[in-house]
Structures are given as C-alpha cells and as structure tokens.
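Hi everyone, thanks for coming.

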Amino acid sequence: MQRQLFDPEHDAFRETVRTFLAKEVLPHYEQWEQDGVVSRAAWLAAGRQGLLGLAVPEEYGGGGNTDFRYAAVIAEEFTRAGAAGLAVGLHNDIIGPYLTGLATDEQKRRWLPGFCSGETITAIAMTEPGAGSDLQGIRTTAVDKGDHWLLNGSKTFISNGILADLVIVVAKTTPEGGAHGLSLLVVERGTAGFERGRNLDKIGQKAQDTAELFFNDVRVPKENLLGELNGAFVHLMTNLAQERMGIAVAGIAAAEYLLEITTAYVKEREAFGRPLAKLQHIRFEIAEMATECAVTRSFLDRCIADHAAGTLDAVHASMAKWWATELQKRVADRCLQLHGGYGYMTEYRVAKAFTDGRIQTIYGGTTEIMKEIIGRSLLG
C-alpha cells in the first residue's frame with residue numbers, strides 16, 4: 001500500500017538522511033562496533049547536516065520544526081542502515097523535549113546551541129541496578145545544601161553514557177521519593193564526583209555506548225534543576241509517549257527491511273534443485289510476514305500522524321510500541337530461520353538485525369509494562 005503520511009519536503013529530507021548515512025556513518029560503522037562507541041566527529045557531522053535539534057527553536061541553532069514526521073524519517077533510515085549506534089533519536093526525540101519544554105531561558109542559552117551542533121552529546125539516567133521500569137524504586141538521592149544539590153547514587157544501562165556531556169539524572173529530592181519526590185538534575189561532564197563505569201558489553205548495538213554512571217557527593221548547582229522541584233514523575237510520564245513512538249517506528253521499519261532482504265534471498269537461494277521461493281511453506285511464511293507488516297504499518301502511520309498533530313495519547317503509543325517491537329522480534333527470528341546457516345553469520349544483515357533489535361521490547365518500557373498501561377486504561 002502506498003503511504004500517504006509524508007509530503008515532498010519529508011521525501012527530500014529522507015534523501016538528505018540517506019546521503020549523510022552513506023557518507024558519514026556506514027564507512028566507519030564497523031570500526032565503531034569494534035570500539036564500542038561512535039566517533040564524536042559523527043555527531044559534529046550530524047549537527048552540520050541539520051539532523052540534530054530539529055524541534056529546537058532556531059534562535060538556539062535548531063530547526064524550529066516540531067513535525068514528528070521528520071523524526072520518523074530519521075528513525076526509519078537509521079534502522080534500515082543498521083546504524084543504531086549513532087543515537088540521534090535518543091538525543092532529539094527523548095532528551096530534546098526535556099530541554100525545550102522544561103529548561104529556563106538561561107538553561108536553553110547554555111545547553112541548546114551545543115545540543116544542535118553536536119558538541120554537546122546528551123543522555124538521560126533513570127535506570128538503576130535495582131530499578132528499571134519502576135520509578136518508585138529509584139535510590140539515587142539529591143540533598144538540598146542551600147546553593148547546590150549533593151547527588152549520590154548510581155545508574156546503569158545508560159545509552160550515550162560514555163560520550164555524554166550532559167546527563168539528565170532522575171533523583172530523589174524527598175526521603176520517600178516516588179511519584180511526588182523525584183526531580184531532574186542536569187550533571188555536566190567534568191563535574192567532580194561524576195564518574196563513568198564500564199562501557200557495557202551487549203549482545204547487539206555494539207557501537208552504541210551503554211554505560212554505568214556513578215555520582216559520589218556530586219555538587220549540582222541549583223540552576224541545574226530541570227523543571228519543577230519534585231515534579232520529575234509528571235515530566236517523565238509526559239515525554240514517554242514520544243520515546244515509545246520512536247522505538248515503535250524503528251520496530252516496523254526493521255521488520256519491513258528484514259522482510260525485503262529475506263524475500264530477495266529466498267528468490268536466489270536454491271534447495272533441492274529449485275529456488276526456496278518455489279516451496280509452499282516459504283511462500284506462506286513470506287505472505288504472513290508481509291500481511292503483518294502491512295497491517296502494522298497502517299496503524300503506525302496513523303499514530304505518527306496523530307503524534308505530529310499533538311493528539312496521540314499514551315495508551316495508543318503503548319499499543320504501537322509493544323506491537324511493533326514484538327512484530328520486529330518475530331520477523332527477525334523467522335527471517336533468520338529462512339536464511340538457514342547463513343542467517344547465523346554476522347556478515348549477513350539478518351544476523352545483525354536479530355541481535356541489534358532484541359532490546360526493542362525491553363527499553364522504553366517493556367512489553368509487559370505496555371500491556372499493563374493499556375489494561376489499566378480499559379479496566380481501571
């Protein structure tokens with residue numbers, strides 16, 4: 001089915017993204033995977049190309065365009081290229097709204113120009129060794145010391161954790177924490193007591209630096225409080241829908257790409273003297289995946305359009321996230337199977353997509369959490 005979501009301006013932007021990936025990312029990606037981190041030069045190149053801070057006001061160096069369809073184009077093209085390591089979506093779509101929506105004018109002047117140029121790489125630190133989806137379990141504390149906060153605690157699984165120059169930290173600012181006692185504090189690179197632990201060894205997305213972070217008596221200036229004191233829970237809930245949409249967009253894009261390359265493979269690969277595509281079982285497998293992708297694409301494009309118009313709610317974002325990522329997981333598994341032994345070889349894109357995509361049903365809220373959100377909305 002022909003998509004009706006994008007205008008000619010979005011199509012032109014897609015070509016820009018593809019050119020950027022071909023020139024600045026793909027020639028270096030194998031090395032980044034070996035290094036476990038992308039080059040900072042790639043972030044600067046993304047800034048020069050106008051791919052960072054799309055929704056940031058022009059006065060701070062951004063694109064001044066809040067149309068989420070542009071973010072969807074980036075997510076789709078980076079997914080097709082297998083380039084999750086350069087976490088532009090995390091930077092733009094997850095962290096960007098906190099800075100544009102919650103920062104004071106002074107904070108915006110300090111942080112947003114570097115955010116848009118690629119000089120300031122960002123991360124958000126929520127997850128702790130004992131607290132993932134459950135924000136009630138956060139133990140990191142920030143104690144009011146008059147002219148600063150004294151921050152203590154640790155975080156784990158933090159994307160961009162090694163490269164980040166600016167980290168938004170979720171911390172308890174009341175003894176009880178929870179829904180009414182968490183705040184967002186911005187910790188900058190070089191702050192005394194802020195240390196990075198291991199660059200964690202993952203099964204996929206090897207080029208995406210994912211780290212442990214430690215905060216030992218870190219003095220955070222009072223002017224680095226982001227948003228309302230004790231208001232982090234509401235701030236986090238407000239921005240999670242867009243994070244989940246970005247993951248969902250990548251999920252369906254990955255499934256469609258895997259279907260595309262597997263369809264081409266079974267036409268060429270022969271078994272028992274004829275192409276795999278001539279076997280009824282193979283045709284049924286392809287037919288099922290094609291139908292699932294087409295149905296999911298229709299729903300996702302509607303969600304993207306609604307989000308661009310500002311009308312998407314958290315429940316439908318949760319539906320999109322769990323359904324698209326679980327589809328991605330199923331399609332990756334079936335496509336690898338159809339590649340046979342070659343599917344297990346890392347030189348084949350299906351193998352890399354299998355391991356890179358496995359995290360999709362976990363981060364941004366697990367499938368189980370998405371179902372709980374939907375179930376509560378329907379059943380109370």
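Let's begin with a word we'll need: a residue counts as buried when its relative accessible area is under 20%. Arg334 comes in at 17%, so Arg334 is buried. Do keep in mind that this model is predicted.

Now, why look at charges? Side chains of opposite charge can pair when their charged atoms come close. In this structure there are 29 salt bridges.

Let's stay with Arg334. Which residues does it pair with? One partner is Glu285, with the closest N and O atoms 3.1 Å apart.

Glu288, though, is partly exposed, at 43% relative accessibility.

Some salt bridges share partners: one network joins Arg3, Arg14, Glu15, Arg18, Glu76, Glu77, Glu256, Arg297 and Asp301.

My last pair is Lys222 and Asp144, whose side chains meet at 2.9 Å, N to O. Lys222 is in the loop between β7 and β8, while Asp144 is in strand β2, so this bridge ties together parts that are 78 residues apart in sequence. Lys222 is partly exposed at 28%, and Asp144 is partly exposed at 43%.

Finally, an unreviewed UniProt entry annotates residues 236-379 as "Acyl-CoA dehydrogenase/oxidase C-terminal". That span is 75% helix and 3% strand.

Methods: Residues are numbered from 1 along each chain as its sequence is written. This is a predicted model: local features need pLDDT of at least 70, side-chain atom pairs count only at pLDDT 80 or more; totals for chains, interfaces and linings use all residues. Side-chain values use heavy atoms; hydrogens and water are left out. UniProt positions are given in the numbering used here, feature names are shortened, and annotations may be inferred rather than shown by experiment. Helices (H or I, at least four residues) and strands (E, at least two) are DSSP runs, numbered from the N terminus. A salt bridge is a side-chain nitrogen of Lys or Arg within 4 Å of a carboxyl oxygen of Asp or Glu. Buried means under 20% relative accessible area, exposed over 50%, partly exposed in between (1.4 Å probe, protein chains only).
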